[in-house]
Amino acid sequence: MVRDWTAVMPVKRLGAAKSRLRGAVPAARHRDLALAMVRDTASAVLATPAVAELLVVTDDPVAGAAVTALGARVVPDRPGAGLNEAMRHGADEVAGLGRHRVVLAGDLPALRPGQLDAALAAARPGRGFVADAAGTGTVLLAVGPGEPLDPRFGLGSAVAHAASGARPLDGDWPGLRQDVDTPADLVTVLALGAGRHTCELLRDLGLEVACVSAA
Ligand SMILES: Nc1nc2c(ncn2[C@@H]2O[C@H](COP(=O)(O)OP(=O)(O)OP(=O)(O)O)[C@@H](O)[C@H]2O)c(=O)[nH]1
Ligand SMILES: C=C(OP(=O)(O)O)C(=O)O
């Protein structure tokens with residue numbers, strides 16, 4: 001297996017992150033939950049055989065320190081103009097390496113390395129995306145070396161990415177597709193199984209959840 005992908009993951013400041021998820025856990029643990037999901041997503045990405053490097057775009061010092069400890073590199077959230085700009089910035093930062101690049105959300109606590117590896121294999125050649133479990137959003141956008149990322153994340157992004165010429169990637173990747181935006185998404189993750197950090201936090205709150213290892 002050749003490690004010829006660079007992954008880019010944007011992470012919002014934890015205090016502002018996951019606003020639609022508020023109420024799923026007690027308010028005092030909301031940040032911890034957002035951070036646990038970031039850690040689990042980063043761990044799974046770093047354990048993916050095809051991934052050579054993970055770049056995290058964030059201004060959050062706690063999230064930055066956590067992913068650095070896992071082996072990721074951190075750059076500031078520039079130009080500070082939202083998700084797509086943060087993704088573009090991260091992708092531009094690593095463009096010179098000449099590798100394939102993938103940007104993905106930091107709220108995928110059920111992500112398994114094998115699923116990401118399979119999606120990356122399906123993504124080449126060219127520009128492709130993986131729709132979220134609902135089919136309307138996007139969890140991942142991948143491009144070949146030198147290709148513009150042209151990210152169109154946001155409401156209805158699956159249609160927007162397809163309309164921009166990106167190829168929808170088909171595959172049975174439930175952990176990859178399951179982003180956690182709402183309390184209902186978190187309930188789905190209880191059944192799918194979460195990575196260690198999210199799992200420990202949810203168990204600490206008395207919830208029954210399967211724990212899956214990142215490897
Ligand atoms: N660096 C950076 N990351 C962002 C920004 N907006 C969203 N993200 C990240 O992008 C990924 C997907 O974003 P969303 O699902 O919309 O997350 P969110 O904005 O925290 O959630 P809501 O507040 O519920 O909209 C998550 O990893 C977020 O942390 C941003 O402006 N800058
Ligand atoms: C950013 C997206 O959506 P959400 O905020 O719902 O994860 C998206 O799916 O492009």
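**Exercise 1.** How many nonpolar, polar and charged residues does the shell around ligand 2 have?

*Solution.* The model is predicted. Begin by listing the surroundings of ligand 2: L83, A105, D132, G137, T138, F153, G154, S157, D179 and D181. Next, sort this shell by class, which gives three nonpolar, four polar and three charged residues.

**Exercise 2.** Describe the surroundings of ligand 1, and state which elements each supply at least two residues of its shell.

*Solution.* Ligand 1 is surrounded by 18 residues, and the closest are P10, S19, R20, A86 and G106. At least two residues of the shell come from each of β1, β2 (51-58) and α3 (83-93). Sorted by class, the shell around ligand 1 consists of seven nonpolar, four polar and seven charged residues.

**Exercise 3.** Determine which residues of helix α2 are buried, and explain why they line one face of the helix.

*Solution.* Helix α2 spans residues 61-70, and its buried residues are A63, G64, A66 and V67. Viewed down the axis of α2, these buried residues fall within an arc of 165°, and therefore they line one face of the helix. P61, A65 and A69, on the other side of α2, are exposed. The partners of the buried residues of α2 are β1, α1, β2 and β3 (73-75). After α2 comes G71, which has a positive phi near 115°.

**Exercise 4.** Carry out the corresponding analysis for helix α4, residues 113-123.

*Solution.* The buried residues here are P113, Q115, L116, A119, L120 and A123. Down the axis of α4 they fall within an arc of 160°, so these residues line one face of the helix. Their cover includes β1 (5-11), α1 (30-46), β4 (100-104), β5 (128-131), β6 (138-143) and α6 (174-177).

**Exercise 5.** Which residues of the largest nonpolar core touch the most other members?

*Solution.* This core holds 68 residues, and V56 and L140 touch the most other members. The element that gives the most to this core is α1, with nine residues. Setting aside neighbours within four places in sequence, L140 contacts V102, L104, A119, F129, V130 and L176.

**Exercise 6.** Is G171 buried, partly exposed or exposed?

*Solution.* First, locate G171 in the loop between β7 (167-168) and α6. G171 has 14 C-beta neighbours inside 10 Å, and therefore counts as partly exposed. Buried would require 20 or more, and exposed 12 or fewer. Not counting residues up to four places away in sequence, G171 touches A118, A119 and A122. Finally, G171 and V130 are separated by 41 residues in sequence and by 8.8 Å in space, C-alpha to C-alpha.

Methods. Residues numbered from 1 in each chain as written. Chains lettered and ligands numbered in written order. Predicted model: local features only at pLDDT ≥ 70, side-chain atom pairs only at ≥ 80, totals over all residues. Helix = DSSP H or I, 4+ residues; strand = E, 2+ residues; numbered from the N terminus. Arc of directions from axis to C-beta. Contact = placed C-beta atoms within 7 Å. Near = placed C-beta within 6 Å. Nonpolar A, V, L, I, M, F, W, Y, C, P; charged D, E, K, R; others polar. Core = buried A, V, L, I, M, F, W, Y, C linked by C-beta atoms within 7 Å.
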